Amino acid sequence: MNESKQFKHRSRRLEQDLLLMGALVEQSFRLAHRSLFQREIGIAEQIPKIDRKIDEFYHQIEIECAELMTIASPVAQDLRRLSAFMQMVRDLERIGDYAKDIAEISLKLLPYPEHACIPAIEQMSHHARAMLESSLAALTSLDGTAGPTVHKLDDDVDRAYDDIYHALASQTHIQGSIEPTILLALAIRHLERMADHATNIAYRVTFIVTGSRKSQLAQQFADSQSHTIN
């Protein structure tokens, strides 16, 4: 197999591994959601095993990307793809870590009654999961238009974070332990960061397709929103 064919073969396999890693991260997020909002102990206990597989993909894909950059002298678009893949695996690995953290929070919350903010947090989690699904779908189809769409959903998650944090911080008549409040504040912070990483993934797909950086696309999106409002 000559160098060009070998590169294409390894690049396709690399993309498949990245999608498999994404599927595991999506599964971990889904299980974390169920463990927090449906209080299913067994589900929370499944997540560390999935997270170990995610970490294995992370290290494997990083090494493969570095090797291909070194030995294959890739052309501009291939170099963009490899660079974006190396950044995506970090985003995915972090989302997986946050999912594991949320599962741990769900176990600590079990002894306490459901907090009044839980429905709003569940809606926030739904939005963040939708962002991850959209970003992974964009990666599968190499949809270069997904960045601004996911960015708009991220604004919704940021507003939810601010509202819920304010509600938690403004409680004046807490009876008993303040642990549930602290844990829920951590949970919404994790969800907000998961949404940020999902946004990064969508923009990295756009970079692969167009060569445009996130900052450029975000500014274009902001300008288009401003024109719409005016």
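**Working through the model**

Modeller: Let's start with R81, which is found in helix α3. Keep in mind that this is a predicted model.

Colleague: Is R81 buried or exposed?
Modeller: R81 counts as buried, because its relative accessibility is 14% and the cut-off for buried is under 20%.

Colleague: What does R81 touch?
Modeller: Leaving out residues up to four places away in sequence, R81 touches S11, E15, L142 and I208.

Colleague: Where does L142 lie?
Modeller: L142 lies in the loop between α4 and α5. Its phi is positive, about 50°, although L142 is not a glycine.

Colleague: Which other residue has a positive phi although it is not a glycine?
Modeller: R39 does, with a phi of about 55°. R39 sits in the loop between α1 and α2. R39 counts as partly exposed, at 33% relative accessibility.

Colleague: Let's zoom out. How many helices and strands are in the chain?
Modeller: The chain has 7 helices and 0 strands. Along the sequence the pattern reads α-α-α-α-α-α-α.

Colleague: What does the C-alpha trace span along its principal axes?
Modeller: About 70 × 50 × 20 Å.

Colleague: How much of the chain is buried?
Modeller: Of the 230 residues in the chain, 47% are buried. The chain exposes about 11700 Å². Carbon and sulfur atoms supply 51% of that area.

Colleague: What about contacts along the chain? What share comes from residues 24 or more positions apart?
Modeller: They account for 85% of the contacts with a separation of 6 or more.

Colleague: Now the inside. Which residues touch the most other members of the largest nonpolar core?
Modeller: M88 and L132 do, in a core of 65 residues. The elements that give two or more residues to this core are α1 (3–37), α2, α3 (76–109), α4 (118–141), α5 (146–169) and α6 (179–210).

Colleague: Which element gives the most to this core?
Modeller: α3 does, with 14 residues.

Colleague: Back to M88. What does M88 touch?
Modeller: M88 touches L18, L139, I201, R204, V205 and I208, not counting residues up to four places away in sequence. I208 is also one of the residues that R81 touches.

Colleague: And L132? Which residue touches L132?
Modeller: E26 touches L132, and E26 also touches E133 and L136, again not counting residues up to four places away in sequence. The place of E26 is in helix α1. E26 counts as partly exposed, at 24% relative accessibility.

Colleague: How far is E26 from D154?
Modeller: They are 17 Å apart, C-alpha to C-alpha. In sequence, E26 and D154 are 128 residues apart.

Colleague: Switching to rings. How many aromatic pairs does a search of the whole structure find?
Modeller: The search finds 1.

Colleague: And which charged end sits over a ring?
Modeller: The charged end of R94 sits over the ring of Y98. The distance to the ring centre is 4.7 Å.

Colleague: Last topic, confidence. What is the mean pLDDT of the chain?
Modeller: The mean is 88, and 90% of the residues reach 70 or more.

Colleague: Where is the pLDDT below 50?
Modeller: Over residues 221–230. Beyond near neighbours in sequence, that stretch has 5 contacts in the model.

Colleague: Why be careful there?
Modeller: Because where pLDDT is low, the predicted coordinates should not be read in detail.

Notes
Residues are numbered from 1 along each chain as its sequence is written. This is a predicted model: local features need pLDDT of at least 70, side-chain atom pairs count only at pLDDT 80 or more; totals for chains, interfaces and linings use all residues. Side-chain values use heavy atoms; hydrogens and water are left out. Rings of Phe, Tyr and Trp (its six-membered ring) pair if their centres lie within 6.5 Å; planes under 30 degrees apart count as stacked, over 60 as edge-to-face and the rest as tilted. A charge sits over a ring if NZ of Lys or CZ of Arg is within 6 Å of the ring centre and within 35 degrees of the ring normal. A nonpolar core is a set of buried Ala, Val, Leu, Ile, Met, Phe, Trp, Tyr and Cys residues joined through side-chain atoms within 4.5 Å. Buried means under 20% relative accessible area, exposed over 50%, partly exposed in between (1.4 Å probe, protein chains only). Helices (H or I, at least four residues) and strands (E, at least two) are DSSP runs, numbered from the N terminus. Contact means heavy atoms within 4.5 Å. pLDDT is the predictor's confidence in each residue, from 0 to 100. Accessible areas come from the Shrake-Rupley method with a 1.4 Å probe; for residues, only the protein chains shown count as cover.
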